[in-house]
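Subject: Structure handover

Hello,

Here is the structure you asked to look at. Please open it beside this email and follow along.

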Amino acid sequence: VKALSRRIRTLSLKLDSILPVVLELTNDPDASVRCAAIRACISITQQLPTDVTLAPTPQISSPPPIHIAEETQVFTRYVFPTLAPRTTDHSQAVRVAYSKALEPLSTFAAQFHEKRAIEAINCSREASGAVAAAWERHAFAHNEARTEIKELAGETARKMLHSIGNAREKRGLVRNIVRLMVTIGKKRVNEKLLRAIVPPLNDPDWQLRASVIVRVQGMSVFIGYTGCSKFLLPCLVESLKDAEESVVFQSVQASTTLAELGLI
């Protein structure tokens with residue numbers, strides 16, 4: 001599937017022909033197949049750069065064709081709802097695979113809708129009357145989908161970080177947590193993830209604690225002075241007493257960095 005996806009250059013063919021097959025395999029009875037399907041979803045989306053034309057530009061003399069209009073719902077009504085059950089999959093390997101997939105899938109989906117909205121706005125400016133209004137509604141639908149994806153990604157990440165146990169899944173999510181914060185934006189970081197990153201800092205799994213601390217500097221950009229002082233600093237102080245030397249070392253480095261940035 002990955003090799004076939006590389007050979008197909010048109011976004012619509014990948015979304016209409018390849019992605020449905022891969023998503024169907026995420027429900028396969030075999031856990032290894034479900035894991036491979038999730039990884040294939042990441043691979044397919046990463047082959048779709050958003051800095052190029054995503055599909056042939058339709059004529060401005062007509063409203064958005066049906067196949068283009070349906071793209072506004074491909075992620076919010078199809079991709080993410082299909083993958084959602086994998087957060088509670090009975091196989092830990094599958095849950096870990098999805099935790100690693102959340103950020104790249106969310107990032108691409110948000111970028112996809114952003115570019116589509118810009119294209120639709122440009123079409124509306126070159127059209128007139130009812131056609132221009134149709135393209136404006138199309139742009140609005142893409143912006144709404146982008147907002148919904150950000151909310152969904154933030155809420156999913158919050159639930160994963162707050163869940164009891166599941167250290168491996170949390171490590172899979174934390175390794176991309178800074179990029180996920182970039183995707184969902186500062187407002188949602190403060191609303192959904194600010195308090196959610198504290199429990200992993202107190203988790204019994206030292207690798208998870210160290211993984212979060214390593215990314216403190218990147219997270220501090222979104223959390224700001226108040227968040228760092230109120231939420232991160234107490235955890236860093238406790239981490240200096242950690243029984244694991246790697247955690248103590250990372251805590252010293254993180255504290256030094258935050259102090260140099262004037263965030264604590």
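Leaving aside neighbours within four places in sequence, which residues is Met 219 in contact with? Met 219 is in contact with Ile 177, Val 178, Met 181, Ile 197 and Val 212. Contact here means heavy atoms within 4.5 Å.

Some ground rules come next. This is a predicted model, in which local features need pLDDT of at least 70 and side-chain atom pairs count only at pLDDT 80 or more, while totals for chains, interfaces and linings use all residues. Residues are numbered from 1 along each chain as its sequence is written, and side-chain values use heavy atoms, with hydrogens and water left out.

**Overall make-up**

The protein has 14 helices and zero strands. Helices (H or I, at least four residues) and strands (E, at least two) are DSSP runs, numbered from the N terminus. Buried residues make up 49% of the 264 residues. Buried means under 20% relative accessible area, exposed means over 50%, and partly exposed lies in between (1.4 Å probe, protein chains only). Now take the contacts between residues at least 6 apart in sequence: 74% of them join residues at least 24 apart.

**The cores**

Met 219 also matters for the next count. The largest nonpolar core has 62 residues. A nonpolar core is a set of buried Ala, Val, Leu, Ile, Met, Phe, Trp, Tyr and Cys residues joined through side-chain atoms within 4.5 Å. Phe 75, Leu 161, Ile 177, Leu 180 and Met 219 touch the most other members. Domain 1 (1-200) and domain 2 (203-263) both give residues to this core, so it lies between them. The domain bounds come from an automatic or database domain assignment. There is also a second, separate core of seven residues, including Cys 123, Ala 127, Val 131 and Trp 135. As background, nonpolar side chains tend to be buried together in soluble globular proteins.

**Two helices to compare with their expected spans**

The expected span of a helix is 1.5 Å times one less than its number of residues. Start with H6, residues 92-126. Its 35 residues reach 51 Å from first C-alpha to last, close to the 51 Å expected. Even so, H6 bends by about 35° at Ala 101. The bend at a residue is the angle between axes fitted to the seven residues ending there and the seven starting there.

Now H13, residues 216-239. A straight helix of 24 residues would span 34 Å, but H13 spans only 13 Å between its end C-alpha atoms. H13 bends by about 115° at Gly 224.

Is Ala 101 buried or exposed? Ala 101 is buried, because its relative accessible area is 0%. Not counting residues up to four places away in sequence, Ala 101 touches Ile 38 and Ile 42. Its C-alpha is 7.1 Å from that of Arg 39, which is 62 residues apart from Ala 101 along the chain.

Ala 37 is in helix H3 (residues 31-46). With a relative accessible area of 4%, Ala 37 is buried. With the residues up to four places away not counted, Ala 37 touches Val 22, Leu 25 and Thr 26. The C-alpha atoms of Ala 37 and Thr 26 are separated by 5.4 Å.

Arg 86 is in the loop between helix H5 (75-83) and H6. Why does Arg 86 count as buried? Because its relative accessibility is 9%. The side chains of Arg 86 and Asn 27 are joined by a polar contact of 3.1 Å. A polar contact is a pair of N or O atoms within 3.5 Å; within protein, one must be able to donate a hydrogen and the other to accept it, and residues adjacent in sequence count only if both atoms are side-chain atoms. Beyond four places in sequence, Arg 86 touches residues including Thr 26, Ile 38, Val 94 and Tyr 98.

Arg 171 is in helix H8 (residues 167-174). Arg 171 is partly exposed, at 23% relative accessible area. Leaving aside neighbours within four places, Arg 171 is in contact with Asp 205, Gln 207 and Leu 208.

Leu 240 lies in the loop between H13 and helix H14 (245-260). Leu 240 counts as partly exposed, at 39% relative accessibility. With neighbours within four places left aside, Leu 240 is in contact with Val 248, Ser 251 and Val 252.

Best wishes
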